[in-house]
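I opened the notebook to look up a few things about one chain. The entries below follow the order in which I looked.

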Amino acid sequence: MKRNSFIEMAKLHNLSGRITYISSHAKQEHLYEVYATEPDRAFWRELAKCSQEEFAKSGTNGKCIEARELMIALPESFINHDHDYLLKKMVDEFKKRYGVECFAALHHNKRKTNLHIHMIFAEKKLLEQPIEKVAIRNMFYDEQGRHVRTKKEILDGDGNIRRGCKIIKKGEVYESKIFTVKNSRFKQEYFLDEAKVFYTDLINQMVIDDKDRLSIFDKNGPYLATKKIGKNNPKAEEIKADNEIRMEWNRTVDCALVSGVSETEVVELKKTEITEKVKESVEQNGNKPELFGEIVRAAILLLECLIIKAMQKVMDIAEKVISKDSDAEKETPKEKEIHVHTEDKPIVKLERKKIPFPINPQRKIDIQNKEELPQREITAEAKKSIIEQIKPEQKSVSAETKRLETERPPQPKPSVLASKYPRLKEIDSRLKEQNKAIFEREKKCDNLKKELSECKGIFKGGRRKELQQEIDSIDNQISNMKKRLSSIVREYNFDSVQVFNKELNAAKRENVDYQAACAEYDKIYGEKVADSMSVRDRLRQKEQIVKEIETGRVYQGRQKDKGAR
């Protein structure tokens, strides 16, 4: 059974104390790694101070929120990941998305049954240039820090400045602002749901075993949620029918995503054609569940139009590529042509390959022995001299190879996601093949429907019946094929095609980075390998000399044999 994602958020009123608590080995029994995008503790102290000052100025009741913290539960198998890589990946991806500084720690609980991350994040960003306000005259502040107009207001009966009051002289900085205002996005209710979806997708991308995948439903995604049917529910049949239409929409969404329709287009269509129209229907007609099905079916037809457009583009591109390949094959000459110019016109002749003259098997043994004897003596002497030259060079090659192995750093290794890419590519191919088969069936069905609409007359009743039966059969096949398309990704423990596509795209990016790293490694260290290989090449060349000497005598024998004929 799939495990649900668990992510919780807390408001921090003592930021410095919390950072010390989650990053201290003395306070944590199983602390594996600590990582901060801004390691300077002065940044976090200034952030807390700035938040407190702004809170005091606002005059609101309660406690100041200095920062926020996410507690992220991880699958237990993640303990086998490199801890530094795991924590940095989880934190850096959050910063890339939201642009705020983070401080995080990777923990286990006392019994080692709950691997989790504590991630503190700032709600403000550091300004590139601090904003400073300079006093143009002396400024006076009372015990509560409120600005007063005159010096008399902060003096006691003896004319001395009261304790807690202060004066900022002309020309001094009385206010310095180094942070932006708080990002209101983090205060919204939807933020935690957004963070849950974001981290669930990220965790699922990093799982090694598909059994560890987490499950969560994205309310803002392209799919419609199905309802659970309780025991002895009097509205069980209504809910079942409602779920069926929802599943039909979800299966069509899977087809759309595989066909190349963007997720943004599907979400926008869902919002305008389902969410907003359902609201309008409720306002005008009240709560009538039967109208929901009609709205969704109309939206499915529009989505199918998008699928047809997307598939047609793919087909057109494929046809262009095939036509270019066929044209290139036609233009490629199979034989070399030689143009011979005469006085009247050029004549084109085909160049024929020269066939080597066959060796005569009837050569005399005594002639062969006479020719081979001096050649054997030469080759024996040549081999001796070359072997003597090779021995010291072989020693230098082995020494050079050892030196390069010690100097050269290890080759780059693929990340978890990059190593998944070949398998994900295979799944993607299966989805595309299935989707292509569905598209072909739908085209056939459309042609039959067109024929049925044109089939009129008293004497064509039999043909109309045959066409209708064939259409019903193909519709049933299409429905089953769409179910199969959605089940392909579930075989690999993906919740939907949307989740699979996210992981495929992320794996593709990491695979590209890995290939680039390998290319860079080969570029830097490949030259050294080439240098070491060149020594071996020289040895091979010298060995080749021996072979050429041996083959030389065979060639001479062939020439003499040919002359004898």
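**Entry 1: two helices**

I looked up which residues of helix 1 touch helix 2, and found that Leu-15, Ser-16, Ile-19 and Thr-20 in helix 1 meet Arg-41, Trp-44, Arg-45, Leu-47 and Ala-48 in helix 2. Sorted by class, this contact has five nonpolar, two polar and two charged residues. I note here that the model is predicted.

Two packed helices are described by the angle between their axes and the distance between the axes. For helix 1 (residues 15-22) and helix 2 (residues 41-58), I read a crossing angle of roughly 145°, with the axes coming within 9 Å.

Next I looked at an open sheet of three strands, which run in the order 9-8-10 with antiparallel pairing. Strand 9 (147-148) and strand 10 (166-168) are the edge strands, and each pairs on one side only. Strand 8 (residues 139-141) pairs with strand 9 over two bridges, in the antiparallel sense. I looked up the bridge partner of Tyr-141 and found His-147 in strand 9.

**Entry 2: cysteines**

How many disulfides does the structure hold? I found zero. A disulfide is a covalent bond between the sulfur atoms of two cysteines. I also checked two cysteines for burial. Cys-445 has 2% relative accessibility and counts as buried. Cys-455 is buried too, with a relative accessible area of 8%.

**Entry 3: salt bridges**

The structure holds 26 salt bridges. I looked up some of them.

Lys-182 and Glu-123 meet through their side chains, at 3.7 Å from N to O. Lys-182 lies in the loop between strand 11 (173-179) and helix 4 (190-206), and Glu-123 in the loop between strand 6 (115-121) and strand 7 (126-134), so the pair ties together parts that are 59 residues apart in sequence. Is Glu-123 buried or exposed? Glu-123 is buried, because its relative accessible area is 3% and the cut-off for buried is under 20%. Lys-182, at 24%, is partly exposed.

Asp-201 and Lys-502 form a salt bridge at 2.9 Å from N to O. Asp-201 is in helix 4 and Lys-502 in helix 11 (residues 497-564), and the two are 301 residues apart. Asp-201 counts as buried at 13% relative accessibility, whereas Lys-502 is partly exposed at 26%.

Arg-251 forms a salt bridge with Glu-244, and their closest N and O atoms are 3.2 Å apart. Here Arg-251 is buried, at 11%, and Glu-244 is partly exposed, at 43%.

Last, I noted a network of salt bridges that links Lys-89, Glu-93, Lys-96 and Glu-510.

Conventions. Residues numbered from 1 in each chain as written. Predicted model: local features only at pLDDT ≥ 70, side-chain atom pairs only at ≥ 80, totals over all residues. Heavy atoms only, no water. Pairing = 2+ DSSP bridges. Helix = DSSP H or I, 4+ residues; strand = E, 2+ residues; numbered from the N terminus. Axes fitted to C-alpha atoms, helices over the stretch in contact; angles between N-to-C directions. Contact = heavy atoms within 4.5 Å. Nonpolar A, V, L, I, M, F, W, Y, C, P; charged D, E, K, R; others polar. Disulfide = S-S within 2.5 Å. Buried < 20%, exposed > 50% of the residue type's maximum accessible area, 1.4 Å probe, protein only. Salt bridge = Lys/Arg side-chain N within 4 Å of Asp/Glu carboxyl O.
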